[in-house]
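Here is a colleague's note to read beside the structure. Please keep the chain in view and find each residue as it comes up.

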Amino acid sequence: MDYPVCKKVRTALLEKGDAKTRESAKRFFKETVAFHGLKAAQVRSVAAEYYKTIKDQGKDVIFTYCESLLQTNKFEEKLVGLFWLDKQSKAFEEQDFAVLAKWLNRYVDNWAICDTLCNHAIGSFVMKFPEKINDLFAWTASKNRWVRRGSAVSLIIPARKGLFLAEILKIADTLLLDDDDMVQKGYGWMLKEASKPHCTQIFDFVMKRKATMPRTALRYAIEKMPANLKKAAMAK
């Protein structure tokens, strides 16, 4: 269903979009992604403007607006929906996880939408309900590349905080030989963030697996380590 507020958002995005920005954005994606042609700050501005008109309607109603925007094929409309979703994080209830998982599987079609959903809303969710990390383990076996990437990038923010190290290593080990570069980059990024508070543990993990670990993932994982450790990890 196309709700009035979603129509207003779409109209605002159409009015602000331009061809130059639209063409420039495409270079960041291997997939075919449809854009209105707005810069990120402009999208956030539209999202904030119209969120003021719905913020008091309650989580469940706002979820319906988020899904309506996620169902479109336009990148910026999906982003507005995800910005609104993130605003609901304090009101998340345990049963909402099934909704977020459905949206990841059904509506995500590129790395940027995957990361926006997973880094923020799902990352917040697993910090609030840590038992849901068991669902992330299950995602590693999905046929959907974005769900597999999501199993890792949902732990980016917790990783920065030093949380869930054992679970991060388990997910990275499960995804280790995944042949999809988007998944490799996803779990490599997760390991990189975890290396900031847990450098020794992540270095040991990489060194034990560097003979088989894809170089893409390895380079991401060691990016923030000291030069001597990076040199050791990259040595043949």
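## Notes on the packing and pairing of side chains

1. Start with W84, which is in contact with V5, V9, A47, Y50, Y51, I54, I62, Y65, C66 and L69, leaving aside residues up to four places away in sequence. This is a predicted model. The largest nonpolar core has 82 residues, and W84, L85 and Y187 are the ones that touch the most other members. The helix that gives the most to this core is α7, with 9 residues.

2. The aromatic rings come next. A pair of aromatic rings is described by the distance of the centres and the angle of the planes. There are 11 aromatic pairs by the rule used here. Take F29 and F75: the ring centres are 5.8 Å apart and the planes stand at 65 degrees, so this pair is edge-to-face, the cut-off being over 60 degrees. F29 is in the loop between α2 (19-25) and α3 (40-51), while F75 is in helix α5 (residues 75-86), and the two are 46 residues apart. F29 has a relative accessible area of 12% and is therefore buried. F75 is also buried, at 13%.

3. F97 and F125 give a tilted pair, with 5.2 Å from centre to centre and 55 degrees between the planes. This pair also links distant parts of the chain, as F97 lies in helix α6 (residues 96-107) and F125 in helix α7 (residues 111-128), 28 residues apart. Both F97 and F125 are buried. They belong to one aromatic cluster, made up of F63, F92, F97, W103, F125, F129 and W139.

4. K59 has its charged end over the ring of F63, 5.2 Å from the ring centre. K170 lies over the face of F137, at 4.0 Å from the centre of that ring.

5. Side chains of opposite charge can pair when their charged atoms come close. The count for this model is 18 salt bridges. One of them joins E31 and R145, at 3.4 Å from N to O. E31 sits in the loop between α2 and α3 and R145 in helix α9, 114 residues apart. E31 is buried, with a relative accessible area of 18%, and R145 counts as partly exposed, at 24%. E31 and R145 are also part of a network of salt bridges that includes K30, D180, D181 and K185.

6. Helix α9 (residues 145-153) is mostly covered, with 8 of its 9 residues buried. The buried ones are W146, V147, R148, R149, G150, S151, A152 and V153. What do these residues pack against? Their neighbours are α6, α7, α8 (133-139), α10 (156-160), α11 (165-175) and α12 (181-195). At the start of α9, a side-chain oxygen of N144 comes to within 2.8 Å of the backbone nitrogen of W146.

7. Finish in helix α12, where S195 is found. S195 has a relative accessible area of 4%, so this serine is buried. A polar atom of its side chain lies 2.6 Å from the backbone oxygen of K192. Leaving aside residues up to four places away in sequence, S195 touches I202, A221, K224 and M225.

8. K192 also uses its side chain. K192 forms a salt bridge with E223, and the closest N and O atoms are 3.1 Å apart. K192 is in helix α12 and E223 is in the loop between α14 (215-222) and α15 (227-234), 31 residues apart. K192 counts as buried, at 10% relative accessibility, while E223 counts as partly exposed, at 39%.

Terms used. Residues are numbered from 1 along each chain as its sequence is written. This is a predicted model: local features need pLDDT of at least 70, side-chain atom pairs count only at pLDDT 80 or more; totals for chains, interfaces and linings use all residues. Side-chain values use heavy atoms; hydrogens and water are left out. Rings of Phe, Tyr and Trp (its six-membered ring) pair if their centres lie within 6.5 Å; planes under 30 degrees apart count as stacked, over 60 as edge-to-face and the rest as tilted. Helices (H or I, at least four residues) and strands (E, at least two) are DSSP runs, numbered from the N terminus. Buried means under 20% relative accessible area, exposed over 50%, partly exposed in between (1.4 Å probe, protein chains only). A charge sits over a ring if NZ of Lys or CZ of Arg is within 6 Å of the ring centre and within 35 degrees of the ring normal. Contact means heavy atoms within 4.5 Å. A polar contact is a pair of N or O atoms within 3.5 Å; within protein, one must be able to donate a hydrogen and the other to accept it, and residues adjacent in sequence count only if both atoms are side-chain atoms. A nonpolar core is a set of buried Ala, Val, Leu, Ile, Met, Phe, Trp, Tyr and Cys residues joined through side-chain atoms within 4.5 Å. A salt bridge is a side-chain nitrogen of Lys or Arg within 4 Å of a carboxyl oxygen of Asp or Glu.
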